[in-house]
Structures are given as C-alpha cells and as structure tokens.
Amino acid sequence: MTTLFQQLINGLSLGSIYALLALGYTMVYGIIKLINFAHGDIYMLGAFWGYYTINFWHFNFIFALLSAMVVCAAAGVIIEYFAYRPLRHAPRITALITAIGVSYFLENGMSYLYGADTRDFPQVIKQVNYNLWGVRVSNIQILILVTACLLMVMLQLIIKKTKMGRAMRAVSVDPDAAELVGININRTISFTFALGSSMAGAAGVLIGLYYNSIDPLMGMTPGIKAFVAAVVGGIGSVPGASLGGFLIGLLETAVQSVGLSAYKDAAVYLVLIIILLVLPAGIFGKNVKEKV
Amino acid sequence: MKANLKYNICWLILMVAGFYLMNALILVGVIDSFLENMVVTIGINIILAVGLNLVIGFAGQFSLGHAGFMAVGAYATAIIISKTPTAGAFYASIIVGVVVAIIAALIVGIPTLRLRGDYLAIATMGAAEIIRIIINNLKITNGPSGMFNIPQFATWPVVYTMVCITTIIIVNFIHSRGGRAALAVREDEIAAESMGINIFKWKLAAFVLGAATAAVAGSMQASYLQTIAPNNFNIMESIAILIIVVLGGVGSITGSFVAATILGVVDAALQSFGALRMVIYALVLILIMIFKPSGIMGSRELSFKRLFSRKNKKVGAKS
C-alpha cells in the first residue's frame with residue numbers, strides 16, 4: 001500500500017510537469033492547428049534562464065520562476081511572429097516543418113553558445129523529506145504539485161473569465177467569424193503563445209529543481225511526451241491536457257515501479273495508440289463530424 | 001504502353017547514363033570516398049523520401065513512423081549477414097526485411113489508418129518508437145549498443161540500382177489504378193468512397209508499400225555504414241525524412257530527389273562548420289519554408305513529357 005502511494009506521489013509530480021507542457025501544446029493546437037515542436041525547447045530555455053538567474057544574479061525561487069515565465073512568454077511571441085505568422089495560410093505540414101526547424105535552431109543554438117554538456121541546477125530550495133505514514137514526500141515534490149495546480153487554475157480562469165480568454169476560445173472555434181466580430185486575431189494568437197510558453201518556462205524551472213540537471217537537448221523527449229499527453233486528453237481541450245499529463249506521468253512511474261523501466265516509453269505510446277483507437281479524438285476531445 | 005514508350009526510354013537512358021557517369025567519375029578520381037559516402041547517403045535518403053512521399057503526398061496519410069520500418073530492414077540485414085556473410089544472404093536479407101516490414105506495417109496500419117491527420121501522425125510515431133524500444137531490448141539485436149562490423153555488400157552500384165528499382169515500383173503504383181484510387185482518397189475520402197473506392201484498402205496499400213521501401217533503405221544503410229544502433233532510428237530520423245519530403249514538395253517524386261540531393265550536399269558542405277552546422281541547417285530550413293511554403297517543386301514533376309510537348313508547341317508555333 002505504501003509503495004502504491006509512494007509511486008502515486010512520484011507520478012503526480014512528474015505528471016504535473018507533463019501537464020504544464022501539454023497545456024502549451026493544446027492551446028496552440030486549438031487555436032492555429034499547429035503541432036508546436038519548439039515547445040519542448042521553450043521549456044529548456046526556461047530551465048536555462050532559471051539556472052543563470054539563480055547562479056549569477058542570486059534570484060530566489062519565486063523570482064526565478066516568475067522571470068522565467070516572462071522570458072519564455074517573450075520567446076514564444078517572438079518565435080510566433082517571425083516563424084509561424086508568415087505561414088498562417090500555408091499548408092499545415094509546412095508550418096510543422098518550420099516548427100521543427102525552430103526546435104533545431106533553439107537546441108543547437110544553445111549547444112553552440114553554452115556547450116552541450118549537462119549542468120547541475122542550483123539547489124535554491126533545500127530538499128527536506130517528510131515521512132507521512134511511510135510515504136516519503138519531499139518539499140520539492142509538494143512545491144511542484146502546488147505550483148503546477150495553481151498555474152493550471154489561473155490558466156483556466158484566464159481562459160474562462162477574461163475578455164482575452166473569450167477571444168481565444170472564439171478564434172479556436174472559427175477564426176473568420178471571430179475576425180468579423182472585431183477580434184484581433186494576431187494579438188489573440190500572440191497571447192496564446194505567451195500563455196503556453198510561460199507555462200513551459202515554469203515547468204522548466206520546476207524540472208531543474210526536481211531532477212537537478214539540465215542540458216540543451218532536455219526538451220526533446222518531455223516535449224514529445226507532453227504532446228502525447230495533450231493528444232490523450234483530447235488536443236485543444238485545456239482540462240484534457242492536464243488530465244493527460246497526469247495520466248502519462250502516473251503511467252510512466254507505474255511501469256517503472258514494476259521493473260520494466262526499459263519499456264516505459266513503449267508503454268506510453270501503446271496506451272496512446274489504444275486510447276486513440278477507442279476515442280479517436282482523445283478523452284475530452286470533440287469528435288468533429290465531417291460534412292459533405 | 002506505346003504512348004509513353006519514348007518517355008520511358010528517356011528515363012532509362014538517364015538511369016544508365018547516371019550509372020556510367022558515377023563510374024567514370026570514380027575511376028578518374030573526381031569522386032573520392034568522402035563524396036562517395038555523400039552520394040550513397042543521398043541515395044538511401046531518396047529511397048526513404050520517395051516511399052514516405054507515396055504515403056503522405058499521394059495517399060494523403062500523415063505518417064511519422066518511417067524510421068521504424070527502416071529499422072526493421074536494417075536489423076534484418078544486419079543479423080542475417082553477420083551470421084552468413086555472403087552476397088546471396090545479403091539479397092535474401094533484403095527480402096526478409098521487406099517481408100517483416102510489410103507484416104509490421106499491416107499490424108500498425110490496420111488499426112491506426114482509420115485515424116486522421118495529426119492523430120495518425122502521432123500514432124504512427126508511437127508505433128515506430130515501440131519498434132525501436134523492442135529492438136533496444138532484444139538480445140539478438142545486441143541491445144542499445146547496436147551492431148557493428150556488418151559485412152559491406154551495399155556498395156554504391158547496389159544502392160543506385162535499389163534507388164532505381166524502388167522508384168520505378170512506386171511511380172508505377174502511382175500511375176496504376178490503385179494509385180489513382182489513393183489520389184482520390186487524398187483529395188476527398190467521402191467522395192472517393194461514394195465512387196466505390198475501398199478507401200481503407202488503398203490507404204493500407206500505400207502505407208505498406210512505403211514501409212517496404214523503407215526496409216530496403218534500412219538494409220542498404222546497415223550494410224553500407226556497417227554499424228547500426230537503435231538510436232539511429234528514433235523520431236528524429238522520421239522527421240529528417242519528413243523534412244526531405246516537404247522540402248522537395250509533397251506529392252512530387254522528382255521533388256524528393258532534388259531535396260534529398262540538396263540536403264545531402266548542404267550537409268556535406270557544412271561538415272567543416274562543427275557545432276554551427278545544425279544552427280545553419282535549421283535557419284536554412286526555416287527560411288526555405290517561409291519563402292517557399294509548398295516546397296522546392298510544389299506538386300509539379302520534372303518530366304520528359306512536358307519537355308517534349310513544350311518543344312513540339314514551339315515547333316508548331318513556328319510552322
């Protein structure tokens with residue numbers, strides 16, 4: 001029983017990172033139908049920003065987290081402006097290749113500038129382990145879970161309650177109609193990228209704290225897994241992305257805990273394929289009927 | 001048959017001429033081992049890109065799992081010719097790889113091809129990763145460290161011949177009844193179905209044919225490079241093939257040839273830039289996509305037919 005709860009805690013903390021990343025994928029996909037391959041690299045940028053500000057400017061954790069969110073939001077908006085906006089009306093596969101190009105650019109640009117070696121993330125918060133009924137919980141795990149949940153609630157509020165959030169939902173339903181009722185599409189899309197990228201930046205700082213090591217290629221695998229999470233949850237759906245992230249995190253730790261860690265990625269993809277076959281639009285996705 | 005005889009003979013002459021040109025350049029010493037390596041890599045990429053172009057560009061099914069089938073072919077060849085290093089075993093291993101890849105493509109394709117667009121892409125990507133992870137954990141494939149000292153049977157003439165054979169098979173498929181059915185599926189599934197086309201069958205046919213050619217390319221790579229590891233066949237490899245297809249133009253076979261050649265040459269030319277190489281490569285990729293969104297060739301083809309009919313028109317206009 002205790003091992004079950006132990007794995008549950010580990011899975012939830014890993015899952016909250018995936019969930020934060022998946023939110024960015026799902027929002028961008030919902031609004032411009034683009035798989036933003038560079039999203040995982042924004043998360044890497046966030047982790048590096050945290051590394052530099054904590055090491056050289058001696059930021060505390062909250063400040064590092066918030067500044068990483070702002071910087072990543074700016075990076076997301078800049079990428080959207082230069083790389084994706086010119087391709088708004090191009091075939092979707094072209095935009096996808098551009099996103100892959102941006103991803104290569106960020107990964108290799110960072111390797112070129114700062115070297116490809118792995119670095120230790122500064123331990124800005126001292127790790128303390130609590131023992132709750134035999135289950136070992138570290139303060140960092142609690143911090144990750146609380147921060148992630150807080151950010152997700154904030155995001156949900158922004159999308160549901162603010163004017164900009166309403167504009168985002170309108171553009172994702174029908175961009176042309178949204179433009180007709182006076183919504184500035186470019187600004188709305190930029191805002192979406194800013195929101196999604198800031199979540200990725202926060203996830204980057206949190207993962208640095210959790211795993212203790214960062215490198216320029218760290219965004220690749222979590223990025224793809226987070227996208228899988230977004231698809232499992234139903235891409236385009238914000239609660240779906242959170243749920244998918246937690247699901248993937250839990251699944252990974254579960255497979256790992258039964259001693260099949262070599263197959264943990266395979267299990268994730270297998271579950272993805274099975275879910276897609278049963279629910280072709282993901283758990284919370286809407287199945288759009290095609291009209292003739 | 002008769003109508004296209006002239007053009008087919010032109011292509012045949014081009015193929016044979018290309019072969020002898022390569023041969024002559026190697027004899028004279030213009031093409032050294034570095035350039036030969038580049039040419040063979042381009043050839044392997046052409047096989048892969050043409051196969052993926054059939055799936056994406058002609059059948060309209062967005063597959064991101066090409067590297068998985070390539071891995072199947074590569075490991076079939078590697079395992080077989082490491083045990084029995086003869087030329088006969090090499091050719092048999094290509095066939096074994098193709099057969100296993102076809103079975104794998106059927107297992108992957110039958111359930112997933114009912115998905116659409118990006119969902120299909122992510123599902124095929126997952127399937128390819130599962131293939132890679134299985135290879136990564138098997139004993140016979142030597143696990144994550146991969147296989148090395150594979151005998152080299154795939155010299156450049158073999159690769160060249162394979163490029164020609166796979167391209168001919170795919171182009172013939174595209175121009176057959178089945179290929180036209182696949183094109184109809186790409187344009188509009190519902191309309192195609194209402195015309196009596198079994199959409200699932202032709203989607204699967206294109207997918208399986210693409211997978212079979214990917215296995216051939218994998219066999220070539222295993223035997224030419226002589227070392228393979230599971231990580232050579234990860235998502236990034238699938239994406240690299242996708243880049244060639246999109247850069248050349250989705251739905252243009254000659255476009256894939258052009259793009260594979262350009263990327264191969266650029267890659268070789270940037271070899272001396274070290275760490276900056278991939279940064280430049282990424283920038284070039286982004287810029288090409290922004291300024292030429294439909295790829296180098298769009299969906300057009302270089303064809304002798306058009307060349308001749310243009311000439312005839314000019315002659316006709318004069319008289």
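**Close-up 1. Packing of helices α5 and α6 in chain A of the predicted model.** Helix α5 of chain A spans residues 139-161 and packs against helix α6 of chain A, residues 163-173. The angle between them is about 75 degrees, and their axes are 5 Å apart. Angles of 65 to 115 degrees count as roughly perpendicular, and α5(A) and α6(A) are therefore roughly perpendicular to each other. On the α5(A) side, the residues in contact are A:I158, A:I159, A:K160 and A:K161. They meet A:G165, A:M168 and A:R169 of α6(A). By class, the residues of this contact are 3 nonpolar, 1 polar and 3 charged.

**Close-up 2. The two assigned domains of chain B.** In the domain assignment, domain 1 of chain B covers 1-31 and domain 2 covers 32-318. The C-alpha centres of these two domains of chain B are 22 Å apart. Domain 1 of chain B puts 8 residues into the contact, and domain 2 of chain B puts in 9 residues. On the domain 1 side of chain B, the residues touching domain 2 are 8 nonpolar, with no polar and no charged residues.

**Close-up 3. The largest nonpolar core.** This core has 202 residues, of which A:L20 and A:A229 touch the most other members. The element that gives the most to the core is helix α9 of chain B (residues 199-225), with 15 residues.

**Close-up 4. Surroundings of A:A229.** Neighbours within four places in sequence are left aside here. A:A229 is then in contact with A:Y18, A:A19 and A:A22, and also with A:A241, A:G244, A:G245, A:L247 and A:I248.

Notes
Residues are numbered from 1 along each chain as its sequence is written. Chains are lettered from A and ligands numbered from 1 in the order in which they are written. This is a predicted model: local features need pLDDT of at least 70, side-chain atom pairs count only at pLDDT 80 or more; totals for chains, interfaces and linings use all residues. Axes are lines fitted to C-alpha atoms, for helices over the stretch in contact, and angles run from 0 to 180 degrees between N-to-C directions. Helices (H or I, at least four residues) and strands (E, at least two) are DSSP runs, numbered from the N terminus. Angles under 35 degrees count as roughly parallel, over 145 as roughly antiparallel, 65 to 115 as roughly perpendicular and the rest as oblique. Two residues are in contact if their C-beta atoms, placed from the backbone, lie within 7 Å. Ala, Val, Leu, Ile, Met, Phe, Trp, Tyr, Cys and Pro count as nonpolar, Asp, Glu, Lys and Arg as charged, and the others, Gly among them, as polar. Domain bounds come from an automatic or database domain assignment. A nonpolar core is a set of buried Ala, Val, Leu, Ile, Met, Phe, Trp, Tyr and Cys residues joined through C-beta atoms within 7 Å. A residue is buried if 20 or more other C-beta atoms lie within 10 Å of its own, exposed if 12 or fewer, and partly exposed in between; C-beta atoms are placed from the backbone.
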